[in-house]
Amino acid sequence: MYLVNNTEWFSIRTLTLPATAVALLATFFVVWLVLRVQFPKKWSEVYGDTVFTFILVWKFSIIVTDFKAVIAQPLTLLYFNGGTIGVILGVMVASLQLWWKRKKLQFDATGVVACSWAIILTQSIYQWFVVLLNDNQIKSEVITLSVLSILTILILWKLTAINRALFLYTIGLIIVAFFQPHGLWQPAVWVSVILLILGITIYDCSKKFSQST
């Protein structure tokens with residue numbers, strides 16, 4: 001789910017990871033830390049649970065994408081994942097889990113802000129890490145870093161309308177993707193749209209919750 005291509009690989013003992021996977025894990029930790037510092041502990045824990053669900057589905061989705069390989073070599077589960085399809089499935093399942101638990105979590109105004117921060121920061125910081133860890137065309141990297149950085153800062157600093165902020169960020173990411181080699185047909189765009197729907201759904205749930213209390 002990246003706007004630039006993976007060009008680097010990192011080895012951790014016998015495990016070799018693409019730079020995109022390293023960027024993803026680093027992003028999850030940074031965003032969790034930001035939420036832990038900025039908001040009540042509850043919301044960093046919610047984020048952690050959601051991330052855990054995503055990682056499980058993404059990792060083991062290879063059973064769906066390449067079942068024959070898993071049957072032939074069960075250790076494939078340790079070294080591979082479901083790729084692009086796995087990413088989409090992971091985001092969808094994690095989003096559905098969060099939606100399913102919406103009443104139990106009782107999203108108040110603080111929870112909605114925390115959720116919007118998590119959605120925007122996860123996408124932006126991931127793209128930043130991917131750019132820094134890989135070697136792509138300077139034009140693509142500059143466009144990605146500058147546009148998403150400016151958008152993120154302006155949205156989190158100035159905009160208080162959550163639904164408008166999420167919509168603006170998604171439009172910005174789509175515009176950036178349009179100027180990339182793979183255009184709009186790349187995982188980052190689909191992931192951003194799914195997260196936009198999730199954010200708006202949570203925002204609507206919070207309004208209903210506030211009206212009933």
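Biologist: Among contacts in the protein chain between residues at least 6 apart in sequence, what percentage join residues at least 24 apart?

Modeller: This is a predicted model, in which local features need pLDDT of at least 70 and side-chain atom pairs count only at pLDDT 80 or more, whereas totals for chains, interfaces and linings use all residues. Residues are numbered from 1 along each chain as its sequence is written, and side-chain values use heavy atoms, with hydrogens and water left out. Contact means heavy atoms within 4.5 Å. Among contacts in the protein chain between residues at least 6 apart in sequence, the share that joins residues at least 24 apart is 69%.

Biologist: What percentage of the 213 residues in the protein chain is buried?

Modeller: A residue counts as buried under 20% relative accessible area, as exposed over 50%, and as partly exposed in between, with a 1.4 Å probe and protein chains only. For the 213 residues in the protein chain, the buried share comes to 44%.

Biologist: What span is expected for helix 1 at 1.5 Å a residue?

Modeller: Helix 1 covers residues 19–38, which makes 20 residues, and its buried residues include Ala23, Leu24, Thr27, Phe28 and Val31. The expected span of a helix is 1.5 Å times one less than its number of residues. From its first C-alpha to its last, helix 1 reaches 28 Å, close to the expected span of 28 Å.

Biologist: At what angle do the axes of helix 8 and helix 10 cross?

Modeller: Axes are lines fitted to C-alpha atoms, for helices over the stretch in contact, and angles run from 0 to 180 degrees between N-to-C directions. Angles under 35 degrees count as roughly parallel, over 145 as roughly antiparallel, 65 to 115 as roughly perpendicular and the rest as oblique. The axes of helix 8 (residues 109–133) and helix 10 (residues 162–178) come within 10 Å, and they cross at roughly 10 degrees. That makes helix 8 roughly parallel to helix 10, the crossing angle being roughly 10 degrees.

Biologist: How many nonpolar residues does the contact of helix 8 with helix 10 have?

Modeller: The contact is made by residues including Val112, Val113, Ser116 and Ile119 of helix 8 and Ile162, Ala165, Leu166 and Tyr169 of helix 10. Ala, Val, Leu, Ile, Met, Phe, Trp, Tyr, Cys and Pro count as nonpolar, Asp, Glu, Lys and Arg as charged, and the others, Gly among them, as polar. By class, the contact of helix 8 with helix 10 has no charged residues and 3 polar ones, while the nonpolar residues number 9.

Biologist: Which residue meets glutamate 45 in a salt bridge?

Modeller: A salt bridge is a side-chain nitrogen of Lys or Arg within 4 Å of a carboxyl oxygen of Asp or Glu, and by this rule the count comes to 1 salt bridge. Glutamate 45 and lysine 41 are 4 residues apart in helix 2 (residues 41–60), which means that about one helical turn separates them. Glutamate 45, at 41% relative accessibility, counts as partly exposed, as does lysine 41 at 46%. At 3.8 Å, N to O, the side chain of glutamate 45 meets that of lysine 41.

Biologist: Which residues does threonine 65 touch, not counting residues up to four places away in sequence?

Modeller: Threonine 65 is found in helix 3 (residues 62–65) and is partly exposed, with a relative accessible area of 33%. Threonine 65 and glycine 82 are 17 residues apart in sequence, yet 5.9 Å apart in space, C-alpha to C-alpha. Not counting residues up to four places away in sequence, threonine 65 touches Gly82 and Ile85.

Notes:
Helices (H or I, at least four residues) and strands (E, at least two) are DSSP runs, numbered from the N terminus.
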